[in-house]
Amino acid sequence: MLGIMELVEDKNNNNFNIKKYSDRTIYFSYSNYTEPIVFHQDTISTFTVLKPESITINDLHNYILSVNLLLIGTGKKNIILSQELIKHMHRLNKGLEFMNTESACKTHNLLLSEKRSFVSILYP
């Protein structure tokens, strides 16, 4: 017989926790986003690269130096990032995770609750 694990909602009242991802919209407590966003150093701003597969290391330069991990939510489907970007992140000894945005939103909240050093780029 398999054990059942119950998940307990994180009671951490952080404004940067994602409340919901639905209909290509990312919902936070006080704002909603339908365009790509970047979460970095307790701020959220628009990310100007319109497609995740177009991200280059130059697009990330201002974000990755101060963190250990880059999380990218690629939209409804998981999109493989460029091999050049993957190799460059490896050379920098920085973590790189990319997945569909629904999974990335959950991972974002987990990283926040663990007070990890990370940047999230999320495509709705």
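Which backbone oxygen does the side chain of histidine 108 reach? Hi everyone, let's start there. The side chain of histidine 108 comes to 2.9 Å from the backbone oxygen of phenylalanine 16. That is a polar contact, meaning a pair of N or O atoms within 3.5 Å; within protein, one must be able to donate a hydrogen and the other to accept it, and residues adjacent in sequence count only if both atoms are side-chain atoms.

A quick word on the model. It is a predicted one, where local features need pLDDT of at least 70 and side-chain atom pairs count only at pLDDT 80 or more, while totals for chains, interfaces and linings use all residues. Residues are numbered from 1 along each chain as its sequence is written, and side-chain values use heavy atoms, with hydrogens and water left out.

Back to our histidine. Histidine 108 sits in helix 3, residues 101-113; helices here are DSSP runs of H or I with at least four residues, strands are runs of E with at least two, and both are numbered from the N terminus. Histidine 108 counts as buried because its relative accessible area is 0%. For reference, buried means under 20% relative accessible area, exposed over 50%, and partly exposed in between, with a 1.4 Å probe and protein chains only. Beyond its neighbours within four places in sequence, histidine 108 is in contact with residues including Phe16, Phe28, Leu71 and Ser120, where contact means heavy atoms within 4.5 Å.

Three strands form an open sheet in the order 1-2-3, with antiparallel pairing; two strands pair if DSSP finds at least two bridges between them. Strand 1 (18-22) and strand 3 (32-33) are the edges with a single partner strand each, so one side of each has no neighbour in the sheet. Strand 2, residues 25-28, is joined to strand 3 by two bridges, and tyrosine 27 stands opposite asparagine 32 in strand 3.

Now for helix 1, residues 57-64. Its buried residues are Ile57, Leu60, Tyr63 and Ile64. Down the helix axis they fall within an arc of 110°, so they line one face of helix 1; the arc is that of the directions from the helix axis to the C-beta atoms. The face turned away from that buried side carries the exposed Asn58 and Asn62.

Last stop, tyrosine 123, in the segment after strand 8 (118-122). Tyrosine 123 counts as buried because its relative accessibility is 4%. Its side chain reaches the backbone oxygen of valine 49 at 2.8 Å.
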